[in-house]
Amino acid sequence: MTDNNYISEIQLKYKPKPISDSIKGSQDIYNLLISKVYDEDTIGYKETFKILLLNNANKVIGYTTIAEGGLTSTVVDLRVILQTALVANATSIIATHNHPSGVKGPSIQDDMLTAKIKEACKAVELRLLDHIIVTPEDGYYSYCDDGKL
C-alpha cells in the first residue's frame, strides 16, 4: 500500500539585519518611511498599508506591505499583521499608511482600525508603538504624538 497523503513541513528562518539606530520618536519613523519604505513616485498614487517590525531594542528588523487599495481606502486584515509580526519575532510594530490626497489627519475608519490593531496586539503581547500616516507633500500624522494610542 502506498501512502499518497503528504504532510507539509513548515520551516521558519530567522536572519534579521536590524538597522543600527533605535527608533526614538515619530520624526525618526517618518524619516525612515520616506527614505526607505515608501516610493516617492507612487506615494500619491494609491493607499498602501505597511508595518514596521521592531525588536526589543526598538530597532527595525524589517517592514512589509499588508494591503494595497485604491485612492481613498484599503482593506487591512488583522490576522496578516499578527502573523507577520509573530513569524518575524517582532516585539513591537509600527503601523503606517499613506493618504494620496495629502490630508494628514486620520479618518474615522483610520481611528477604528488603529483601535482594532491595538487590541489584537495586546492579545499576543505585541506592542503597537505608533500609527503614522504619511502624505506626498512632506507631512505626517502620528497617533502617538496626538495622544490617541
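A residue is called buried when its relative accessible area is under 20%, exposed when that area is over 50%, and partly exposed in between (1.4 Å probe, protein chains only). The structure is a predicted model, in which local features need pLDDT of at least 70 and side-chain atom pairs count only at pLDDT 80 or more, while totals for chains, interfaces and linings use all residues. Residues are numbered from 1 along each chain as its sequence is written, and side-chain values use heavy atoms, with hydrogens and water left out.

Helices (H or I, at least four residues) and strands (E, at least two) are DSSP runs, numbered from the N terminus. In strand β3, seven of the seven residues are buried: Ser 92, Ile 94, Thr 96 and Asn 98 point one way, whereas Ile 93, Ala 95 and His 97 point the other way.

| Partner of β3 | Sense | Bridges | Facing residues |
|---|---|---|---|
| β1 | antiparallel | six bridges | Ile 51 and Ala 95 |
| β4 (residues 127–135) | parallel | seven bridges | Arg 127 and Ser 92 |

A nonpolar core is a set of buried Ala, Val, Leu, Ile, Met, Phe, Trp, Tyr and Cys residues joined through side-chain atoms within 4.5 Å. The largest such core has 20 residues, of which Phe 49, Leu 53, Ile 81, Ile 93 and Ile 117 touch the most other members. Two or more residues come from each of β1 (48–54), β2 (60–68), α2 (78–87), β3 (92–98) and α3 (108–123), and α3 gives the largest share, four residues. Apart from this core lies another, of 14 residues, including Leu 32, Leu 33, Leu 52 and Ile 94.

Conventions:
Two strands pair if DSSP finds at least two bridges between them.
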